[in-house]
Amino acid sequence: MSENGQIMLTADDGSEVAFFVLEKADIAGNSYLLVSDSIEEEEAEALILREMEEGDMVMYEVVEEEKELAIISKYFEELLEDIELKPE
């Protein structure tokens, strides 16, 4: 992770995508990242990523299951009082 909290992730197609890490949380044995495509826009896109380890490789998967997403979103909203997460 860079000094400004930006990480580069490699997508399945091999392209690289930059995200800003807003928060990290360890919940029920899983690690999650709240990331955004911008830290300057008020209506920025945000994703919750679940950390997955395969051997010595760390991968991140977008949380899409509704129940898990609702629980983790609520947790991040409480950590970051000035952020409201809205599902699309």
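**Ground rules.** I noted that this is a predicted model, in which local features need pLDDT of at least 70 and side-chain atom pairs count only at pLDDT 80 or more, while totals for chains, interfaces and linings use all residues. Residues are numbered from 1 along each chain as its sequence is written, and side-chain values use heavy atoms, with hydrogens and water left out.

**Overall make-up.** Helices (H or I, at least four residues) and strands (E, at least two) are DSSP runs, numbered from the N terminus. From that end the elements run β-β-β-β-β-α. I also looked up burial: of the 88 residues in the chain, 28% are buried. Buried means under 20% relative accessible area, exposed over 50%, and partly exposed in between, with a 1.4 Å probe and protein chains only.

**The sheet.** I followed the five strands through an open sheet, in the order β1-β2-β3-β4-β5, with antiparallel pairing. Two strands pair if DSSP finds at least two bridges between them. The edges are β1 (6–10) and β5 (57–62), each pairing on one side only. Neighbouring strands are turned by 45° against each other on average, direction ignored. Axes here are lines fitted to C-alpha atoms, for helices over the stretch in contact, and angles run from 0 to 180 degrees between N-to-C directions.

I then checked two pairings. β1 and β2 (residues 16–27) are antiparallel over five bridges, and Leu-9 stands opposite Val-17 in β2. β4 and β5 are antiparallel over six bridges, and Glu-53 stands opposite Val-58 in β5. β4 and β5 form a hairpin with two residues between them, and Gly-55 in the turn has a positive phi of about 65°.

**The helix.** I found α1 (residues 66–79) lying across β2, β3 (30–36) and β4 (46–54), at about 85° to β2.

**Two loop residues.** Is Ala-28 buried or exposed? Ala-28 counts as exposed because its relative accessibility is 76%. I located Ala-28 in the loop between β2 and β3. Ala-28 has a positive phi of about 50° although it is not a glycine.

Ser-38 lies in the loop between β3 and β4. Ser-38 has 15% relative accessibility, so it counts as buried. Leaving aside neighbours within four places in sequence, I found Ser-38 in contact with Phe-20 and Ala-44. Contact means heavy atoms within 4.5 Å.

I noted a volume of about 450 Å³ for the second largest pocket. A pocket is an open set of points on a 1 Å grid over the protein atoms alone, where a 1.4 Å probe fits, with protein on both sides within 12 Å along at least five of seven lines; lining residues have an atom within 4 Å of a point. Grid points are joined across faces, edges and corners, and a volume is the space filled by probe spheres set on the points.

Which strand supplies the largest share of the lining? β5 does, with six residues. β1, β2, β4 and β5 each supply at least two residues. By kind, I found 12 nonpolar, one polar and two charged residues in the lining. Ala, Val, Leu, Ile, Met, Phe, Trp, Tyr, Cys and Pro count as nonpolar, Asp, Glu, Lys and Arg as charged, and the others, Gly among them, as polar.
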